[in-house]
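Good morning, and thank you for coming. Please look at the sequence and the structure together while I speak.

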Amino acid sequence: MNQSYAEAGPESPVREVTTSEWGSVLSVTDGNLIDNENGTYSLWLTSSNVTFTYENDTENVNSEDTAAYQKAAYGAQPNINTWNPGTFQSVVAGVSSDDGLKQDIFFRISEEQIKVTVHFMLIETSPNAYNTDTDATLWGTANEFDEETYVGFEYSKDVSFTNSSTTEDTDTSIGSNSTFFRSISELERGTTYYYRAYAVVDDNFIYGDTQSLKTAAIASLDVKAANGSVLTKSPAAFSYGTTSYEVHVPHDTTIVNVVETVDLGTAPAIQDLSFEVDGNQNFEEWVTLSGTSQAATHEVSITTDLTTVCVGSPVFTGLGTLAGACDSDQFEVKIIRDAVPFIQTLYASYNTDVDAFLMGSAAGYDQETIVGFEYSTDANFSNSATTEDIDTAIGSHPSFYRPISELERGTTYYFRAYAIVNGTPVYGAAKTFKTATITRLDVKGANGQVITKSPAAFNYNTKSYEVHVPHSTTSVSVVETVDLGTAIAIQDLSFEVAGNQDFERWNAVSGTIQAAAHQVSITEDLTTVCVGAPVFTGLGTPVGACGSDQFEVKIIRDAAPSKTSTTTTEAVLVLESDPNKTDQSAKTAITQIVGQNLTLSATLMTSDGKPLDIPDIQIGADGSFSLSNVPPGVYKVALSIVAPTGEKLAGRSGTLTVNSDGTARLEAGLIDPYGIVTDAVTGKTIDGAKVTLHWTDTELNRSKGRKASDLVVLPILPDFAPNQNRDPQSTVNGGQYGWMVFPDGDYYILAEKDGYETFDSRNDTRDELQGDDSYIQNGNIHVGTSIVQYDFVMEPKVVDTGDHKPYMLGYPDGSFRPERGLTRAETAAILNRLFAGEIDKAAAGNPFADVKKSHWAANDIAVATAQRWMVGYTDGSFLPEQQVTRAELAQILLNVKKWSSAAEITFADAKGHWAEKAIAQLYTQGLIAGYPDGTFRPNEPIKRVEADIIFNQVTGRTPWKVQVEPIWTDVDSSYWGFDAVMEASVPHPYEEFESGLENWTSN
């Protein structure tokens, strides 16, 4: 800048001067006014506008003179004809940089004329910055500044240039009207920067306009499968700090695409991107995706287990360090082909009585592959097989494990690992484990004989037992026996008597059977022994004097024997069906349905149902039993089946008559535990339904330690066909299922089958008494002493509803003529009604000479032939009244449905026939059949009723039964094709079941 302006300093600019000749006053609104002492002045400005005022005292001015001004280009002389007049004393003029950064203005009054040269000092920021991803070159222009003025750029990520703004350190001066540039570096990638040029004038900063730029950045580096899906890489996200990535692909992968995507921001176009595979370098063009986003893609063939791709970076990027096999300006992408996938079932690392820990291994699968185990009590994994719900993905080559619980005790389980591949499970080999179980809890006398207890057999649901011993007994042994199966070893067993706890070791009996015994001294009339359970067993609630993890055994010493003698009565059980035959029970066991070799236990009760203080009566398989000290009278009897495990199962109520002459008679009905499952609409029995028995949530069950909704674990009855009392089981032999269950329990049943709504007996509204103390009420099946017989129905699932219109009509005389042949005209009409849909029927022409416009089926024939469903004959005729043969109908349907015709023919008389392929395809579809002699008879006419059956099947109109009155005089309800004819010819609303069957509904 002019030195005179610099000397004035920023605090004291000159805004007014008095001319030396006339004493006129020249003043400005901005800038610094310098007197050049030769009648000229200079004005230096950093703003873009200024206003001049030129005035003189009237004493020095001729009254005829007027003040005036004239603007001119710098260095030009004023034009005497273009002065701008002011007032008599003064004139005001404005000057703008728009007219030039350096210009002259002249003022005059009377004989005085002065010149002022105006200098606009402006700084401009160019919007045309050049930038890459980490650096930029900024451009600006400085006008009318002194050669020593310092210039530069201020730039920041903040548009207001606060806090984060930085100023470039510049020490290079510029000349007047000079363009200048500065380079900046170490910018953040993918970031918008704001910048402005500046000049430093007297320690003050003069700024140009604010402009912006955005640095480029690599947005992603992906490997895509052939279908375009992005494959998971490690690390998952792209980062400039990570120069090597790995991607695992399935072993059968042959091609992938490596894609680099950049956001250019305001950076210039970049060169084609380099991809290098096995030393072969290729260059791919950048393709614009949207806005400033571009991508370059290279297809890579996968032929080895490791393919390394060196992906270049944009030309403005330098990484600085080597990355494995790639150079410093490349990113390394390792594409690893996984091993051939396999799934392996390893072993059950441990199991107890109710849970297990399964181990497996998977290799070569995608990291998102779902794995798990299928396990079942069935070696074929059918019916009872269940799959654990797994939602955890695996990586490549890992072992995996899953715990399973709520298993049945003492049961062999088959299990196998699986992996879900394309929605289908792939299985490893099946392996087995066996859960542990307590098999017996006995009290033995000094001679080692087992003393009878009540209940007689051990049951996990029964936690308290009683044993009566003679009064002279001084000691017994309490013995718990377990079958460990494949379970882990268990700790010593706890026995607690009168608060004193002892631990006994387990001793091997045979195979996986072990037993722990504790000798108990009998000194009281009641000795309670609390026997522990194996450490993996939890019973849930305390019982009597014992804890929740113990079984209570009460050893009751009988009173001293009296001298009263006892009598024994021998008797047999007879069936109520024929009470006159007292010996028939030896031939017909009451338990013959569930197993003829099962024994019974009878509990005697008074006539009002109160149990008597008399030990249970044991009844042999032949129906024989003995009574001791039972007074004459009539008694109610609760008969229980004794399972092979010793557990009691609910049987029947009976009546015991003891006569005064010592004879006795026990009468009861046959035990029949089967229920029948039927279809709620058709009434037909349902085989293959999965039925499960569960504990109901009742106070009774809770008091017995039964967990609501758990499956009921029942003892296996080998002779109880067909499911041996298993839970769950499937209905067979006409919808039958059956369970022998525990007495004094509350139950509910669930049933499932594809095509049916799930049945839940808890929704049953029946109120029904069975026997003396068993009933169905409020959705609860309560079993007292008598078995409950429970039949139920399942509702089929409805998938569609609508109205079916007739497609085959009868004749005016009210007949249908089902055995008559089907004409070609009738066939065309049927096709039009069933398949024409949205076809423009009016557009179809009728080219056949023998089909007049007035023919009743003219339009139908036109549509059928236009669609190429049917064709005419070579002589130009259609022969509408000619009957359609079986072969012709097969070909017509193939034309309509466009099925493949690749099936092989099975009928000898159709081989070589012109419609051979069509016949074979319809036979394969199950839509047409041959005759018992193995022929098809292709050239015989198709009957109207046969056509009904075929068209019904093709269109899915398959009613299970048509239950309406006949409408045709020659087709009554006993006619073999009644349902098919009615479906084809009668309009009706319908509902379609998931099974494919149709049900007619009422209007």
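Predicted model: local features only at pLDDT ≥ 70, side-chain atom pairs only at ≥ 80, totals over all residues.

Residues are numbered from 1 along each chain as its sequence is written, and side-chain values use heavy atoms, with hydrogens and water left out.

Let us begin with strand β64, residues 780-783. Helices (H or I, at least four residues) and strands (E, at least two) are DSSP runs, numbered from the N terminus. In a regular strand the side chains alternate between the two faces of the sheet. In β64, Asn780 and His782 point one way, and Ile781 and Val783 point the other way. Are these residues buried or exposed? All of them are buried. Buried means under 20% relative accessible area, exposed means over 50%, and partly exposed lies in between, with a 1.4 Å probe and protein chains only.

Which strands pair with β64? Two strands pair if DSSP finds at least two bridges between them. Strand β60, residues 745-752, pairs with β64 in the antiparallel sense over 3 bridges. Within this pairing, Asp746 has His782 as its bridge partner. Strand β63, residues 774-777, also runs antiparallel to β64, and 3 bridges join the two. Here Ile776 is partnered by Ile781.

β63 and β64 form a hairpin, with 2 residues between them. Asn778 sits in the turn, and its phi is near 50°, a positive value in a residue other than glycine. Asn778 counts as exposed because its relative accessibility is 70%.

I turn now to the other backbone angles. Most residues other than glycine have a negative phi, and most peptide bonds are trans. Arg868 has a positive phi near 65°. Where is Arg868 found? Arg868 lies in the loop between α4 (858-866) and α5 (886-897). With a relative accessible area of 57%, Arg868 is exposed.

Finally, I come to the cis peptide bonds. One runs from Ser454 to Pro455, with omega near -5°. Pro455 is placed in the loop between β40 (453-454) and β41 (464-469). Another cis bond joins Asp727 and Pro728, where omega is about 10°. Pro728 lies in the loop between α2 (699-703) and β58 (729-730).

Thank you for your attention.
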